Amino acid sequence: MKLIIAIVHDEDAHALVKQLTQADFGVTKLASTGGFLKSGNTTLIIGTPKERVESALAIIEKTSQTRKEITTTTSLLGDNSVMGMPLEITVGGATVFVVDVEKYIKM
Amino acid sequence: MKLIIAIVHDEDAHALVKQLTQADFGVTKLASTGGFLKSGNTTLIIGTPKERVESALAIIEKTSQTRKEITTTTSLLGDNSVMGMPLEITVGGATVFVVDVEKYIKM
Amino acid sequence: MKLIIAIVHDEDAHALVKQLTQADFGVTKLASTGGFLKSGNTTLIIGTPKERVESALAIIEKTSQTRKEITTTTSLLGDNSVMGMPLEITVGGATVFVVDVEKYIKM
Ligand code: NI
Ligand code: NI
Ligand code: NI
């Protein structure tokens, strides 16, 4: 048995919990925040037989990995019209630790 | 030294923390929620010498294990009287992981 | 790779997260409370290469260890004057677990 501790961004957490649950992983969600100047992280605890670790990691990677997104910033111009500017931002990302479990009990 | 991570139902958490503390275990309570469609879980972190792991597990089992309870549902009848119906529900349950600790420091 | 789980008092958490982040440690902050009759703890999760464990522990010790502080209690006297009495209290303290990480992934 292994314990996967995954720290993901809040905006990815809901979809990730759903996908992991659909794939029959037991997931527990802890509220968390990142370190200094970062905010909005969620920590997930996933218990899994060691044969399924790679499968869980693949789901986490698919749902949470760092990716580029185009957002639009708006600027107010001198004539009071608004100009939209496309801006590429990086979203997502996950930090994942796999830890060995000596004993696992479901009561 | 071992680390016990116990995910229990909210309604069992208070009694469990009390019993573990009375038995001299150091307990830290993290807020958590279950996965998809589940809610109301509490995650406890318990640090313990390996000789006392079984004793901690026994307390968790006694306090949190799955059990049947009889609750009463009430239905409003046609004549505006209320009928109570006994209903057996399953409550409690715990998921427990025991992890080895390489180094333990109390500062 | 190692995982450091540090349970510290709330009043030390902010400075500790700041110092660890400045020293380039990745820190995740979980809300937590202590056991029975204790409150106001914060749990930090720190992932670090094993070569830097001692350096992280030194920062935790410097920022969070148990120390004496002088506070002042005030008593209302019979003539409605107030008397201040110095009182030595113990603040801080940390419980720290170091756990081995089998696999670490930054996505
Ligand atoms: Ni990020
Ligand atoms: Ni349950
Ligand atoms: Ni303390």
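The model is predicted, so local features need pLDDT of at least 70 and side-chain atom pairs count only at pLDDT 80 or more, while totals for chains, interfaces and linings use all residues. Residues are numbered from 1 along each chain as its sequence is written, chains are lettered from A and ligands numbered from 1 in the order in which they are written, and side-chain values use heavy atoms, with hydrogens and water left out.

Start with symmetry. Two copies of a chain are related by a rotation about an axis and a shift along it. Here, chain C can be laid on chain A with an RMSD of 0.1 Å by a turn of 120° and a shift of 0.0 Å along the axis.

Now take chain C against chain A. Contact means heavy atoms within 4.5 Å. Chain C puts in 20 residues and chain A puts in 25 residues. Together they bury about 1,900 Å², with 64% from carbon and sulfur atoms. Buried area is the accessible area (1.4 Å probe) that two parts lose on being put together, summed over both. Glu102(C), Lys103(C) and Met107(C) supply 35% of what chain C buries here, more than any other three residues.

Glu102(C) also has a charged partner. Its side chain meets that of Lys2(A) in a salt bridge, 2.9 Å from N to O. A salt bridge needs a side-chain nitrogen of Lys or Arg within 4 Å of a carboxyl oxygen of Asp or Glu. The rule finds 2 salt bridges across this interface. It also finds 8 residue pairs in polar contact, both at pLDDT 80 or more. A polar contact is a pair of N or O atoms within 3.5 Å; within protein, one must be able to donate a hydrogen and the other to accept it, and residues adjacent in sequence count only if both atoms are side-chain atoms.

Which element of chain C gives the most to the side that touches chain A? E2(C) does, with 5 residues. By class, that side has 11 nonpolar, 3 polar and 6 charged residues. Ala, Val, Leu, Ile, Met, Phe, Trp, Tyr, Cys and Pro count as nonpolar, Asp, Glu, Lys and Arg as charged, and the others, Gly among them, as polar.

Strands pair across the contact too. Helices (H or I, at least four residues) and strands (E, at least two) are DSSP runs, numbered from the N terminus. Two strands pair if DSSP finds at least two bridges between them. Strand E6 of chain A (residues 94-100) and E7(C) run antiparallel, joined by 4 bridges. Thr95(A) stands opposite Lys106(C).

Turn to chain B. Chain C gives 25 residues to this contact and chain B gives 20 residues. The two chains bury about 1,900 Å² between them, 64% of it on carbon and sulfur atoms. There are 2 salt bridges. Glu102(B) and Lys2(C) meet in a salt bridge at 2.9 Å, N to O. E6(C) supplies the largest share of the side of chain C that touches chain B, 7 residues. That side has 12 nonpolar, 9 polar and 4 charged residues. E6(C) also runs antiparallel to strand E7 of chain B (residues 103-106), with 4 bridges. Tyr104(B) stands opposite Phe97(C).

Why do the copies meet through different surfaces? Only 20% of the interface residues of chain C are also interface residues in chain A.

Terms used. Copies are superposed by least squares on the C-alpha atoms of residues with pLDDT of at least 70 in both.
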